[in-house]
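Here is a friendly note to read beside the structure. Please keep the picture open while you go through the points.

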Amino acid sequence: MERNTRQRTAIRQAIADAARPLLPQEILEAAGAGAPGLSMATVYRNLRTLVDEGELRSVLLPGEVARYEVAGGGHHHHFQCLSCQRVFEVDACPGDLASLAPPGFTVEDHDLTLYGRCAECATPARGRKAAKPAAAAHSHTHDHGHAHDHSHTPKPARRAR
Ligand SMILES: [Zn+2]
Ligand SMILES: [Zn+2]
């Protein structure tokens with residue numbers, strides 16, 4: 001029994017730590033350190049139980065093996081990286097999409113997946129050779145014969161969630 005508890009805790013922890021939906025294979029790799037001897041069959045068995053108990057929920061993307069995330073995160077969407085295939089959570093939601101439906105139809109729910117490249121894959125070499133635009137703008141040399149007004153208008157603040 002104690003062994004089972006340790007395995008379940010390791011699985012739950014691996015998913016919580018990742019903070020993104022994980023494939024059973026990823027769960028096995030991540031949880032294996034905390035539960036030596038963990039097998040794929042055990043991972044699947046525990047996932048089933050944890051879903052039944054409402055702790056986890058499955059994330060099904062078209063044509064993909066089910067991934068698992070911590071339940072209770074509320075309405076959200078997902079992003080799949082086309083390069084590394086990993087799936088991430090997207091907190092934003094376009095909101096009411098009812099107007100997209102044909103006239104006379106009633107929309108009750110929607111599912112939305114964004115595809116693209118994650119931050120890691122979007123940066124070619126990890127050594128960022130392109131400096132941030134704001135810093136680049138400052139690399140010009142000044143004529144120091146006169147005073148500069150160095151106040152820059154700040155970028156508009158990101159829209160609050
Ligand atoms: Zn990626
Ligand atoms: Zn939504």
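1. Start with the contacts along the chain. In the protein, 47% of the contacts with a separation of 6 or more join residues 24 or more positions apart. Two residues are in contact here if their C-beta atoms, placed from the backbone, lie within 7 Å.

2. A word on the source. This is a predicted model, in which local features need pLDDT of at least 70, side-chain atom pairs count only at pLDDT 80 or more, and totals for chains, interfaces and linings use all residues. Residues are numbered from 1 along each chain as its sequence is written, while chains are lettered from A and ligands numbered from 1 in the order in which they are written.

3. How confident is the predictor? The mean pLDDT (the predictor's confidence in each residue, from 0 to 100) is 83, and 76% of the residues reach 70 or more. Over residues 128-157 the pLDDT is below 50, and this stretch has three contacts in the model beyond near neighbours in sequence.

4. Next, the overall layout. The protein has five helices and five strands, and along the sequence they follow the pattern α-α-α-β-β-β-β-β-α-α. Helices (H or I, at least four residues) and strands (E, at least two) are DSSP runs, numbered from the N terminus.

5. Now look at two helices. H1 (residues 2-18) packs with H3 (residues 40-52) at an angle of about 75°, their axes being 10 Å apart. That makes H1 roughly perpendicular to H3, a label for angles of 65 to 115 degrees. Axes are lines fitted to C-alpha atoms, for helices over the stretch in contact, and angles run from 0 to 180 degrees between N-to-C directions. Gln7, Arg8, Ile11 and Arg12 of H1 meet Thr42, Val43, Asn46 and Leu50 of H3.

6. What lies inside? The largest nonpolar core has 13 residues, and Ala10, Ile11, Ala14, Ile15, Ile27, Ala31 and Tyr68 have the most contacts inside it. Such a core is a set of buried Ala, Val, Leu, Ile, Met, Phe, Trp, Tyr and Cys residues joined through C-beta atoms within 7 Å. H1 gives the most to this core, with four residues.

7. A residue is buried with 20 or more other C-beta atoms within 10 Å of its own, exposed with 12 or fewer, and partly exposed in between.

Technical notes: Angles under 35 degrees count as roughly parallel, over 145 as roughly antiparallel, 65 to 115 as roughly perpendicular and the rest as oblique.
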